[in-house]
Amino acid sequence: MFTINNDRSKFPELDDAGNALIDLTSHKYLKLWQGPQHPGVTGNMSLELTVTGDEIVESKTHVGYLHRGFEKLMERRTFIQCFPTCIRLCVAEPDPNEYLLSSCVEELAGIEVPETAQWLRMLALEMARLQVLLRQVPGQAGTFALGLGYQWGNYIRDLILDRFEELTGGRVYHMYILPGGVRGLLPNGFKNRLEENLKLVDEFLPNVWDLIYTNSVFKKRAKGLAVIPKEWIDQYGIYGPAARAAGIMRDVRKTHPYLFYSEIDFEPFTTDESDVFARSLVRWHDLKMTVDIIRQILAKMPEKGDIKAPTPNVMHWKIPKGETYVKCESSRGEYGMYLVTDGSDKPRRVNLKGPSYTHATSVLEKLLVNANIADTAAIMVSLATCPPEIER
Amino acid sequence: MKQLVEIIQNHFPINDIDLRKKSLAFISIHQNQAIPLLEWLKTTHGYTAFVLLTAVDWIEENRFQLTYLISNPENFTELGVRVFIDREKAEMVSAHHLWKSIWVYQRELKEMFGINFPDSPRVNESFILEGWDTIPPYRRDFDTKQYSEETYFPRPGRSTNDPAKHMKSKLYPKD
């Protein structure tokens, strides 16, 4: 059973500043690097682990393996030129980036987005969540070497990417959401084809449940592992499924309803166990809920209507001086963007805030102390860490 | 938010108030008053959640803007506290005693903007960059293009081949 305790008798001594004094020549400790290229690391980052036996006594997160300075690059681009850059901030789920940048620009420029476009934005965001969760849910079992579910999820995800291709022209990066609205209406027959894909997810859900959550190895290893105390949620800035697994309702769609989420009937799942198993369980319920939300959107959204509000020539568009913070709920939790403008045609400052910024650094470093080396990947994946959110 | 801002005004000298939307406002305060204000908001007004800390370089005014965005999880409101610091003496009191994750932001700001937060944990450790020996890259006067050209191009050992000629030489070396 994994517990956090303050007994440091077998751990390195700390100096006055709280830094561990690790004497590698004592042969008591060993430095072990997990990543930057490692199947048990989400993306390109590395963990500098200090271990004694197979137990971790100290962990430091190192990023910088894919730094592309997106926030800086955007300061030299017009607002419309920022879109191809900002979507690449997260490969797995790029749509929240385009939604946030559009919303920030619209808010500062005083643009009202048409109703149909808002429903289409919701659909794109939920489809993005669906394709991420199709990998994340079985991916958690993959960290314990149970890889079969991941292959099933990937197959259905590919079909969802087909729908994205049909809707936007792109499979991974879409640039469907732009300032003022979206780029197009649903193609003919799109709803039926998406519904066929959703039926496959309906079949996938009980299968993946049987495969993972009734599996004795998964239960034995994931239950009680890396428990996040409730009081950490605000102290560390823990969001989304990780917070809901600790019994704290954190879902921007509920707490700050944006677009038309207030017209959708849904209740995010919460539990109290707060371990790796609970976080995975929350994501399974999220997947189920996402299918339901997409069906509600398809049933409630207008068939026709304006999809884009008029905007000035985007190549010469100057946004009034101001600043704002807009957020939405990504599959990993609250995802926000802080935009500062100075009245020119380029952003003065763009700052992206993703949950991984805290999850992969201060939270992960804390959770890994006392853990077994073999559980490192499981703990990391349970926090859904995404390195591009840290080195933007 | 308007009510909260009025309460703050009774206790702290704030200015530049921007009631951005129903659940979001921005205020500015003097550098020396910022940390006491954040502590007061956290302990007495439920702003227990820290959202982000970032900087904006107003190079033409020779100052940095630090924005602390904090949130109240009870009423779901957010407050941005702006602090302006001298660009020549880029230093701010650390707030790591208030939130356990803020040291990561401070460490990044030290590296990317050169803003120091004395006593903040691991503030002098490299965060993303290693061996960086020029001005911090997120300052406005750092020219990314010039830096790339000076640092990376031309790379020795690289040459450009005309694809048609190259393939011909490979396939028909005797011609």
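Colleague: How do I tell whether Arg349(A) counts as buried or exposed?

Modeller: Look at its relative accessibility, and remember that we're reading a predicted model. Buried means under 20% relative accessible area. Arg349(A) comes out at 3%, so it counts as buried.

Colleague: Which residue does Arg349(A) form a salt bridge with?

Modeller: Its partner is Glu71(A), and the closest N and O atoms are 3.1 Å apart. Arg349(A) sits in strand β10 of chain A and Glu71(A) in helix α1 of chain A, so the pair ties together parts that are 278 residues apart in sequence. Glu71(A) has a relative accessibility of 1%, so that residue counts as buried too.

Colleague: And where do Arg332(A) and Glu93(A) lie?

Modeller: Their side chains meet in a salt bridge at 3.3 Å, N to O. Arg332(A) is in the loop between β8 and β9 of chain A, while Glu93(A) is in the loop between α2 and α3 of chain A, so to speak a link between distant parts, 239 residues apart. Both Arg332(A) and Glu93(A) are buried.

Colleague: What about a salt bridge inside one helix?

Modeller: Here's the general idea first. An α-helix has 3.6 residues a turn, so residues three or four places apart point the same way. Now try Glu149(B) and Lys145(B), which both lie in helix α4 of chain B, 4 residues apart, about one turn of the helix. They form a salt bridge, with the closest N and O atoms 2.9 Å apart. Glu149(B) is partly exposed, at 42% relative accessible area, and Lys145(B) is exposed, at 57%.

Colleague: How many salt bridges does the structure hold over all chains?

Modeller: The count is 43. Across the interface of chain A and chain B there are 8. One pair to find is Arg392(A) with Glu108(B), at 3.1 Å from N to O. There's also a network of salt bridges linking Lys60(A), Glu365(A), Arg107(B), Arg122(B) and Glu125(B).

Colleague: How do I read the size of an interface?

Modeller: The size of an interface is often given as the accessible area lost when the parts come together. Between chain A and chain B, the buried area is about 3800 Å², with 49% of it from carbon and sulfur atoms. Lys72(A), Gln235(A) and Arg348(A) supply 18% of the area that chain A buries against chain B, more than any other three residues. The contact takes 45 residues from chain A and 48 residues from chain B.

Colleague: Let's move to helix α3 of chain B. How many of its 12 residues are buried?

Modeller: 11 of the 12 are, so α3(B) is largely enclosed by the rest of the structure. The buried ones include Trp103(B), Gln106(B) and Glu108(B). Their cover comes from both chains, including β10 and α12 of chain A together with β3 and β4 of chain B. The helix covers residues 102-113 and reaches 16 Å from its first C-alpha to its last, close to the 16 Å expected.

Colleague: What follows α3(B)?

Modeller: Gly114(B) does, and its phi is positive, near 75°. Then look for Ser120(B) in the loop between α3 and α4 of chain B. At 5% relative accessibility, Ser120(B) counts as buried, and among the residues it touches are Trp103(B) and Gln106(B).

Methods. Residues numbered from 1 in each chain as written. Chains lettered and ligands numbered in written order. Predicted model: local features only at pLDDT ≥ 70, side-chain atom pairs only at ≥ 80, totals over all residues. Heavy atoms only, no water. Helix = DSSP H or I, 4+ residues; strand = E, 2+ residues; numbered from the N terminus. Expected span 1.5 Å × (residues − 1). Buried < 20%, exposed > 50% of the residue type's maximum accessible area, 1.4 Å probe, protein only. Contact = heavy atoms within 4.5 Å. Buried area = accessible area lost by both parts, 1.4 Å probe. Salt bridge = Lys/Arg side-chain N within 4 Å of Asp/Glu carboxyl O.
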